[in-house]
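Good morning, and thank you for coming. Please keep the structure in view while I speak.

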Amino acid sequence: MKESIKVLKRNPSIELLRILMMMQIIFLHVADYGDYSDVAQQMEGKVELTYWVIWLMCRCPVFMFVIITGYFMSTRKELFSRDRMIRCYLPMLFYSITIPLAYMLIKKELLPTDAIAKAFIPFLSRTWYFMTLYLLILLISPFLNRMVDGLTRKQFLYLIGICFFMFSIWQPISMIEPFEGIIGIQKILFTQGGKSLYDFIYMYLLGAYMRRYHFFKKHENESDSIWDKPAIYLVAFLLLGLFNVLLVYLYPDEQIETVVGFNDNPIAVLQCMVLFRTFEKIDLRHHVKLGNVINTISAGNLGIYMIHEHPIIRDFIWNDVFPIGYTGFYKQRFYILYVLIIIIIIYCACWIIEFMRKMLFKALTPKKDS
């Protein structure tokens, strides 16, 4: 019984979703830093089609992490959690300092003065944009929670609808023909493709709404809708992704390729919602051993992100370890399998490093008297 209660503190289904989303983030870095995006569009044909299908099925990870944060944190009543902020910031500071230090020791050369200074202020210097925004969400979440606690379901739905219109309708329409130049967002809404504090608040609120009202019912103990099934949501996710692919190939404006790649484009937001509900409906809480494994793996996700996305490690991975940014790599018959292997290697290697960091922190943390 004790073991089951322990597992239920972290939902293995949602933790499995976190793991898959982190792997998607690594894939997106394959597309960017491994030049998959550029090479595939140059090669055209099957390689380009494969790229668009996979890439547009991977538009959810950044927003999904924020939705999950809103889902779990929106019910908290405390005004401010100092311990949570510290647990988030200390790993940032650790990797921000130790990675440049290790680089200088190994290369036996000094980094520029500004790079050294930035290492000591990762939150302000934006070493990782996601981590800075994540900390900001943690700071303001208690106030967001108090706001949504005072909303009725109808009022909350209006709020989500307003956010959806502003960030997922108004913004993308302003960037494509024939509306570009007629509808504008300059100095009003620009969110850098879904990588702004605006969007993170938007997704936090969406996660809070999903926690309270889901799609078809208010509470889990109410009768299920015939449509409220994991398989239905998964099919919807795939169809939405394929619709995005269709837009890329059929829409005459080349700008559509940029817009469909935004995290906050309407199709991607809907994909986030149905994919989250897919895993929310899959119940792994009774599989205690499997749940413990999933939860343990998932606990390393933020460390995995910070390690492989640090500028120094990023250059090392994509220039020295996996220099795959050339046409020959993507001409191989099983290049997708090789990409998957690369993703798993990066994930596992960074997870091991993060696990070692946690063990170090645990050893250095004074034990509280019982």
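Helix 2, helix 4 (45-56), helix 5, helix 9 and helix 17 (311-321) each give at least two residues to the lining of the second largest pocket. Please note that what we see is a predicted model. Which helix supplies the largest share of this lining? That helix is helix 2, with five residues. The second largest pocket has a volume of about 630 Å³. In total, 28 residues line the second largest pocket, and those nearest its centre are His29, Asp32, Tyr129, Lys195 and Asn263. Sorted by class, the lining of this second largest pocket holds 14 nonpolar, eight polar and six charged residues.

The largest share here comes from helix 6, which provides six residues. By class, the lining of the largest pocket divides into 16 nonpolar, seven polar and 12 charged residues.

Next come the cavities. How many cavities of 30 Å³ or more does a search of the whole structure find? The search finds two.

The largest cavity holds about 100 Å³ of space. Around the largest cavity we find Met73, Arg76, Glu78, Phe80, Ser81, Arg84, Met85, Leu138, Ser141, Pro142 and Asn145. Two helices, helix 6 (82-107) and helix 9 (129-149), each give at least two residues to this lining. Helix 9 makes the largest contribution to the lining of the largest cavity, with four residues. The classes in the lining of the largest cavity are five nonpolar, three polar and three charged residues.

Met22, Ile25, Phe65, Phe130, Leu302 and Tyr305 form its lining. Helix 2 (12-33) and helix 16 (301-308) are the elements that contribute two or more residues to the lining of the second largest cavity. Which classes are present in this lining? There are six nonpolar residues, no polar and no charged ones.

Let us now consider how two helices pack. Helix 10 (residues 153-173) and helix 11 (residues 197-213) pack at an angle of about 145°, and their axes are 10 Å apart. The crossing of helix 10 past helix 11 is left-handed. On the side of helix 10, the residues in contact include Phe156, Leu157, Ile160, Phe164 and Phe167. On the side of helix 11, they include Tyr198, Tyr202, Leu205, Leu206 and Tyr209. Taken by class, the contact of helix 10 with helix 11 has 14 nonpolar, one polar and three charged residues.

Two loop residues also deserve a look. Where is lysine 187 found? Lysine 187 is placed in the loop between helix 10 and helix 11. Although lysine 187 is not a glycine, its phi is positive, at about 65°. Glutamate 44 lies in the loop between helix 3 (36-43) and helix 4. The phi of glutamate 44 is near 60°, a positive value in a residue other than glycine.

Finally, let us step back to the whole protein. The protein has 19 helices and zero strands. Its radius of gyration is 21 Å, close to the 21 Å that the globule rule gives for 370 residues, so the protein is as compact as a globular protein of that length. Along the principal axes, the C-alpha trace spans about 60 × 55 × 45 Å.

That concludes my presentation, and I thank you for your attention.

Notes
Residues are numbered from 1 along each chain as its sequence is written. This is a predicted model: local features need pLDDT of at least 70, side-chain atom pairs count only at pLDDT 80 or more; totals for chains, interfaces and linings use all residues. Side-chain values use heavy atoms; hydrogens and water are left out. On a 1 Å grid over the protein atoms alone, a cavity is a set of points where a 1.4 Å probe fits but cannot get out, and a pocket is an open set with protein on both sides within 12 Å along at least five of seven lines; lining residues have an atom within 4 Å of a point. Grid points are joined across faces, edges and corners, and a volume is the space filled by probe spheres set on the points. Ala, Val, Leu, Ile, Met, Phe, Trp, Tyr, Cys and Pro count as nonpolar, Asp, Glu, Lys and Arg as charged, and the others, Gly among them, as polar. Axes are lines fitted to C-alpha atoms, for helices over the stretch in contact, and angles run from 0 to 180 degrees between N-to-C directions. A crossing is left-handed if the near helix is turned anticlockwise from the far one by less than a right angle, and right-handed if clockwise. Contact means heavy atoms within 4.5 Å. The radius of gyration is taken over C-alpha atoms; the globule rule is 2.2 Å times the number of residues to the power 0.38.
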